[in-house]
Amino acid sequence: MNFIQAFLNASPGAVSQGLLWGIMAIGVYLTYRILDVADLTVDGSLATGGAICVVLMRMGVNPWIALLCAFVAGAIAGMATGLLHTRCGIPAILSGILTQLALYSVNLRIMDGRANTAINANKYNLLVSQRYAQELSLDNPLLILVIFLAVLIALLYWFFGREYGCAMRATGANQNMARAQGINTKRVITIGLMLSNGIVAMAGGLIAQYQGAADVNMGRGAIVIGLAAVIIGEVLFSKAFRNFALKLVAVVIGAVIYYLVLQAVLLAGLDTNDLKLLTALIVALFLAVPYWKRAIPQKKTAGKEKEHA
Amino acid sequence: MLELKNVFKTFNAGTVNERIALQGVDLHLKEGEFVTVIGGNGAGKSTMLNCVAGVHSVEMGQIIVDGVDVTHLPEYRRAKYIGRVFQDPMMGTAATMQIEENLALAARRGKLRGLKAGISKAERENYREQLKILGLGLENRLTAKVGLLSGGQRQALTLLMATLRQPKLLLLDEHTAALDPKTAAKVLEVTERIVSANNLTTMMITHNMRDAIAYGNRLIMMHNGRIVVDVSGEEKKQLTVEQLLDLFSKASGSDEVNDKMLLS
């Protein structure tokens, strides 16, 4: 009973965190599923967004403007990766790793050389804060996060139904076809990476506010958490959710489930230090399952052919 | 409509794998000409077509489409003038997108893409009509994912996409080679219908000598990166497979004839 009680007490916080990382996971979905690029920039751009947002807010900038600046900074990071990949011929994964590494220094610069910068909920008007995660009030982060996500998903749904959004989907689906239809695939990939990292940086800005500080390491392993959310969402809802907007909702639910499960295993006594190992194992497993599913039936038919011979 | 002037293309230049694929190709296609291209493996057929499409850049020479020098234009900008169908049925369409979405992408070939609707209601009706021309029943499956279609259906759809906005030049790269004979015949028949209805300037690579003779109003044969046979008009109409083989051995100076060319 104690466990259930503790879990229920902790779940509003876990759901808030899930929604925050759901925003981030939407950014990952855009590159990983739509553009078909595994973009590791996000580990850096998440922290960039957090750093920019916190530093600007400490300077007295309006939190929404600070969030917008985080988006722009993330987009610039995405552009760096995009240009390295499309104009310098560096494989996408390596381009992302390079930008991510460079961003570590950039993020330290943004925070004036410090590894973390705090932002206190008493002194600043935060959009979301962990402090109110359990409260039944308008300050509860759940409300603003749900609205934020609804607007974000609506905007993306609209965009991917436009000519340019369709061109982006085509580029991810088949670059040969896209070029043959006159689409500048290099530019489209770069803009896709900018959009994705802009969203991730906004998530970073919100996460920093939520936890009360921006940290230069806050993005470590972000790509894996994003992928976990994408995959959990797909495994559970791919049959039910066909519509693009619903697929994005599935990603967000995936992130929430990820944080609820995390909460449960932590309460069950798992060492926090082992968390990343567990996450990596789970994501690896989910990525491997579709591959195994394809491989196993082939073996069976091969066996049957032998019998006939 | 299409002009190739002394075009040279070398792969892996300066390495042990260096291979000269095109050695001074000159070709002039008039408007409405439908040329079939044959030749053995490595003769340079696909290389020539890909140089025209902009997949490969050329070392020397000039490529002019409809009076525009496209030699240094990237592939996506040449798409404004050129419609293409590939050998691999997977290559010409986006499998994860709907039939109508693929057509809508093709309808915007060469146009600036902005934030207007990706597909409009009026377009949908038009696509339904266009798909009827193919005679494959696709007009009732506008929202089906292209990945669900067979290879032949995908090639027919790619062909429709390539010609939806009238191209200055249509490039067909062995577009029936991956299909079974019955489907191949059907796709060729549709090709012929669309090309003649729109009077399209067309270049079609084929491995099949009979098809090369049966279709189009001009035939060229390539060997070692050069055009070695070029027949058109009455001469082309009267051509037989035996004569073609004869022309080939004379031009190439050998009896070596590709098995695939004979068998197909």
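Helices (H or I, at least four residues) and strands (E, at least two) are DSSP runs, numbered from the N terminus. This is a predicted model, in which local features need pLDDT of at least 70, side-chain atom pairs count only at pLDDT 80 or more, and totals for chains, interfaces and linings use all residues. Residues are numbered from 1 along each chain as its sequence is written, while chains are lettered from A and ligands numbered from 1 in the order in which they are written.

Q: Where is B:Asp66, and why is B:Asp66 called partly exposed?
A: You'll find B:Asp66 in the loop between strand E4 (60-65) and strand E5 (68-69) of chain B. A residue is buried if 20 or more other C-beta atoms (placed from the backbone) lie within 10 Å of its own, exposed if 12 or fewer, and partly exposed in between. B:Asp66 has 16 within 10 Å, so it's partly exposed.

Q: What makes B:Asn199 count as exposed?
A: B:Asn199 has 12 C-beta neighbours inside 10 Å, so it counts as exposed. B:Asn199 sits in the loop between helix H6 (181-198) and strand E8 (202-205) of chain B.

Q: Why is H3(A) called oblique to H4(A)?
A: Helix H3 (residues 63-88) and helix H4 (residues 92-110) of chain A pack at about 140°, with axes 8 Å apart. Axes are lines fitted to C-alpha atoms, for helices over the stretch in contact, and angles run from 0 to 180 degrees between N-to-C directions. Angles under 35 degrees count as roughly parallel, over 145 as roughly antiparallel, 65 to 115 as roughly perpendicular and the rest as oblique. That angle therefore makes H3(A) oblique to H4(A).
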